[in-house]
Amino acid sequence: MFGLTEARHTNVIEFELSEEQLQLQDTARRFAENEIMPVAASTDRIADPRQSYPKEVIRKGFELGFQSILVPEKYGGMGGTPLEYAILLEELAVGDIGMANAFHATITLTEMILKNGSEQQREKWLRPLCDDQSGAYLIGFGATEPSGGTEIFCPRPDPKLGTRTTAVKNGNHYIINGRKTYTSNASVSKLYGVLVRTDITKPNAESCSVFFFPADTPGFSIGRIEDKMGHRASMNGELIFESVKLPREYLLGEEGGGFDAIRRVYDSNGVGTGAMAVGVARAAYEVALGYAKERQVWGESLKSYQAIGNLLVDMRADIEMARLLVRRVAWQSSNHCSEGSIPPNMAKVYPAEMARRVTINALQVLGGAGYMKDYPTEKYVRDAMVLPIISGGNEALKYFMSRDL
Ligand SMILES: Cc1cc2nc3c(=O)[nH]c(=O)nc-3n(C[C@H](O)[C@H](O)[C@H](O)COP(=O)(O)OP(=O)(O)OC[C@H]3O[C@@H](n4cnc5c(N)ncnc54)[C@H](O)[C@@H]3O)c2cc1C
């Protein structure tokens, strides 16, 4: 396992990475080059989505301890900070964003358990994840339902609106019924989290709770695995709950505290998704820059023409700005000086839109070649298209941010 021995909490903003952070970046970069990139295109082209899970890549990432980057050393983790999380995810996403997402989902959920769970729950769920070298201990989280990913976060008081999956208390247990869709790491996780309604007579925002449970719990099953436009290395599917009996010890935090549990990981969600967006955009920019230098048109390189040169500069500036935003939120999170929901959500929203722009521009720089599968640019566009949709749709996040302005 790659060791991050010291916690680097500081109240000074430094733009230079420390020795250890540079070492982590180098490890992740070499991992992307040696393990991810050689299989990224072939994995993307596997037609059956049930066959496209990159088990070996995930296993090797677990050997390096990537899954435990935010888990403190006392539970066997790397004890890293959100900035190190951002560094790791950017590099993995340069290789393949779908593979990076398997780690992103898991790491954000370790943070959810850390910030909301009891000491027993942290020991029970995080230690085996840190010890796992097989890659089996991924975590998935089902919030989105067939009624919609935005609907489940309904802030309106009408109890009929919002999350439909229910958890009915029965002595020391809860009985869960319902269905979640699009869940990342579906079918390949050992542990799942789920957002449920524990009281359907109260407004959605006051009556949602989060449970974590093992994949082999009776009554729980996986439904269809989605056939997606991009992110093809990431498994997304349905979680089905048919009278699933969960003990009270599986409830994370307080009953009715589901939204608070999710709010406490806004930072990780923003930092992780934002860093992945920076990664895929950087990958596309680097291909476009290389091509623009090589390709000759009318006896000169494409790059020497102002329209293309300016486009490349805009792409580079866009990536740098998004990275700064992500790292600033990571820094705020480490220093416990959060300014509410706006910066973490911006760290998701802006890089997501930036990655769409930059990948489309990269494809344009390559012209027809960019549209062909010989180059990875068409894949980058498909992969980036989902970023404004996942981890909270950008429109919905902007709605919540505008309320907090
Ligand atoms: C690759 C991938 C991975 C995913 N992983 C997970 C996961 O691990 N766990 C999970 O729970 N979900 C996951 N999702 C689901 C994702 O979170 C939802 O797709 C997302 O929240 C949007 O929900 P929806 O698709 O149902 O769209 P809807 O909620 O139906 O919204 C449709 C569109 O309208 C916009 N919109 C919605 N409400 C408003 C409003 N009030 N004002 C303006 N615009 C609005 C939305 O932003 C969206 O663009 C994943 C999805 C994908 C594609």
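So, let's start at Ser184, which sits in strand S3. Keep in mind that this is a predicted model. The side chain of Ser184 makes a polar contact with the side chain of Asn101, at 3.2 Å. If you skip the neighbours within four places in sequence, Ser184 touches Asn101, Ala105, Gly140, Phe141, Ser234, Met235 and Asn236.

A polar backbone atom of Phe141 is 2.8 Å from a nitrogen atom of the ligand. On the oxygen side, there's a backbone N or O atom of Gly149 at 2.7 Å from a ligand oxygen. Then Thr150 comes in with its side chain: an N or O atom there is 2.5 Å from an oxygen atom of the ligand. How much of the ligand does the protein cover? On its own the ligand has 960 Å² of accessible area, and the protein covers 64% of that.

Now, who builds the shell? Strand S1 (138–142) and strand S3 (173–184) are the elements giving two or more residues, and S3 gives the most, with 3. There are 17 residues around the ligand, and the ones that come nearest are Ala143, Thr144, Gly149, Thr150 and Glu395. By type, the shell splits into 6 nonpolar, 9 polar and 2 charged residues.

Definitions and conventions:
Residues numbered from 1 in each chain as written. Predicted model: local features only at pLDDT ≥ 70, side-chain atom pairs only at ≥ 80, totals over all residues. Heavy atoms only, no water. Near = heavy atom within 4 Å. Polar contact = N/O pair within 3.5 Å; in protein donor to acceptor, adjacent residues only side chain to side chain. Areas by Shrake-Rupley, 256 points an atom, 1.4 Å probe, with all protein chains shown as cover. Helix = DSSP H or I, 4+ residues; strand = E, 2+ residues; numbered from the N terminus. Nonpolar A, V, L, I, M, F, W, Y, C, P; charged D, E, K, R; others polar. Contact = heavy atoms within 4.5 Å.
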